[in-house]
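Have the sequence and the 3D view open as you read.

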Amino acid sequence: MDQFLAFTVVGLSTAAIYAVIGSGLVLTHTTAGVFNFAHGAAGMLAAFAYWQLAVGWRWPVPLALAAVLLVLAPAFGLLVERALMRPVQALGEAERLVMTVALLTGCIALARWVWDPNTARPLTPFFADRPALRLGPAAVTWHQAVTTAVAVAVAAGLWFLLHRTRAGTEMRACVDDRALAGLTGADPLRAGRLAWVLGIQLAAVGGILIAPAVALDAQQLSLLIVSAYTAAVFGRLRSLPFTFLGAVVVGLLEAYLAGYLPQNDYLPGLRLAAPALLLLLALLAFPHRRLRGRDRRLVPVPLPGRRGALILAAAIPGLALVLVTVLAEDSLVPYGTVFALGVVALSYVPLAGFAGQVSLCQLSIAGIGAVVWGHLGAHGEPWALPAAVLVAAAVGALVAVPALRLSGIYLALGTTAFAVILDRWIFTLPAFDVLGVRIALFDQGSVTVTGPDLFGLHLTSPAQLLLLAAVCLGLASLGVAALRRGRFGRRLIALRDSEAAYATLGGRLLGAKVAVFALSAGIAGLGGALYGMQLQTVTADQFNLVAGLPLFLIAVIAGLGSVGAGLFTGVAFVVPTQLLGELGTWAQDLSALLIALAGMGLAHSPSGVITRLRAEWAPPARNRLLLGAAGVVLAGCWLLAALDAVNGWLLLAVALVAATAPRIRAAARRQGTVETPPEWWGVRRPWRPEDGEVLSRATAAG
């Protein structure tokens, strides 16, 4: 009994922290209409800032707390609301989701960049020098008592704010109809600012309270938000009392699993994955109209031409051939992952771009493809590659079953929970037997991956594997383009536009979702197998949730409806990382930070960069003389680089100039042909003798 009470005390103190963080999450969602995926990352930054002030710079604890909670956290909340969320407020829910995912990625990268992750930074609990309080046979530390008191104070303060103050009434009035609230005298902008400030402050309080109990690690602290997600879903993202109840359930579940879970090799990960499992169950167990997601503005899906798709499919192996002939042997491995990760990124196109189903677990599914190929294709058996694709597709079909009831932000939460379950539990399992079949994943370590045997040739060198990945990406891109032009592609776009209308007109929601999830998961599994071949050894950490977020962001930046998103994502993900890595270890997280900043600029181009580039390149693409000249220059530079007459940097510089020159020339010609309005004659262009006669005739005619 004493042990049970001790675990209960620990669970309730942890639940108090989850309640504080979850209440901030609910507050932001109910007042601003945004589910903040970066909520935990804001608390993580607050914990690091508190450590820097209180431990690193030895500020007094009260002063450090005041600086973080009253200055830094409100300033960060105002910055997020003004610079990031306000520009996308008029866009759809998907764009706001992407913005918070970009913020999450950027916060983690910023923390790793500023604070070395290899350095331990312990935080002392509050009042650690005082003896514990006795609650019957159980001992309650002062830190646990302070945590509980803070949670009670937060609950009372939020209730008073929302129900007894003008500001709270204004915030609640802006939930469903901001324009209507504005007509009654409320200020939606002020309500949004207040919601973001309070939400970030609550995240900061939770981050500081929980940091002494866990390692001060950017990724771990940011993902503790999964437990707060679960608490918020218990409250249907709108009820603070039920959010606190959900926090109690999660906190006690974690404590009891830590105390009573049997000790063996298969169950430790279950305790870590328990909040994610509970989140998935809560999403499925609480039917509510809000779980269907809010209306969103839809971005048109471009229709790829047959000629353009064939050119793209041929250009990808061509680019691989250039890399093979230009790069040194030791550079082919890191740069060779361009095409394998491009295949993984391509899996977002039919799923999110065509069908509108947001998934954040594609890289985790790619990890399944990698381990299946690693075990079944250990000796290069070619049949193991289709097997890896089929197993990954089966996992995708499994994910599609709960997707029938979820959409929008709730589908993103469900796939996030699935990725965390894979990361924390499934991928950590040792080998086990099911009905006499031996199943092994990462087997608590790494998996050695080799190349396949094709046409009597065992592909082992980085150059051979790079070309294989490029060919697979080219064929997969061609297949996705054919899918978009076909009947099933049109059905997926209809599904994205309106699930209700799709079902009303005779479409089968379950069949369509299972098919598109299986298809995208199969593509991701193929990319994972190719990625493993290139690296030769893979671990579970390479396929976790945080590792997949930058890949998702770049695919969104490229344009989820564009077939070229796979190649664009692979290049944009790998090349800057390798180039910045040559500057030193300090620049390792800079590329992830730059990706996050690019994702935060989504409001300027919601349809994607590729669509914008296609529109800008259409005029020069019709000028065969300019394109021919640029092609001759590029071919000449490639030949010189292949003969070691010039280095790769010079080739890159000349390629950039040759690639952009036709577009600049076409833009200049287009600008020169623009007709200047008569009122600007003599200002924007010189006055001509005939202008007077033209104006006189126009005036007389009028």
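A residue is called buried when its relative accessible area is under 20%, exposed when over 50%, and partly exposed in between, using a 1.4 Å probe and protein chains only. Arginine 96 counts as buried because its relative accessibility is 8%. You will find arginine 96 in helix α4 (residues 93–114); helices here are DSSP runs of H or I with at least four residues, numbered from the N terminus. From arginine 96 to leucine 84 is twelve residues in sequence and 9.0 Å in space, C-alpha to C-alpha.

Before going further, a word on what you are looking at. This is a predicted model, in which local features need pLDDT of at least 70 and side-chain atom pairs count only at pLDDT 80 or more, while totals for chains, interfaces and linings use all residues. Residues are numbered from 1 along each chain as its sequence is written, and side-chain values use heavy atoms, leaving out hydrogens and water. The average pLDDT (the predictor's confidence in each residue, from 0 to 100) is 82 for the protein chain, with 83% of the residues scoring at least 70. Over residues 289–295, however, pLDDT stays under 50.

Now to helix α3 (residues 61–85), which has a kink of about 30° centred on valine 68. The bend at a residue is the angle between axes fitted to the seven residues ending there and the seven starting there. Valine 68 is among the buried residues of α3, as are Pro74, Gly77 and Leu84.

Serine 477 sits in helix α19 (residues 462–485), and at 3% relative accessibility serine 477 counts as buried. Beyond its neighbours within four places in sequence, serine 477 is in contact (heavy atoms within 4.5 Å) with Leu312, Ile316, Leu346 and Val563.

What about the nonpolar core? That term means a set of buried Ala, Val, Leu, Ile, Met, Phe, Trp, Tyr and Cys residues joined through side-chain atoms within 4.5 Å. The largest one has 206 residues, and Leu530 and Phe543 are among those with the most contacts inside it. Leaving out residues up to four places away in sequence, leucine 530 touches Ala340, Val343, Leu468, Ala469 and Cys472. A second, separate core of five residues includes Ala109 and Leu580.

How values were computed: Helix = DSSP H or I, 4+ residues; strand = E, 2+ residues; numbered from the N terminus.
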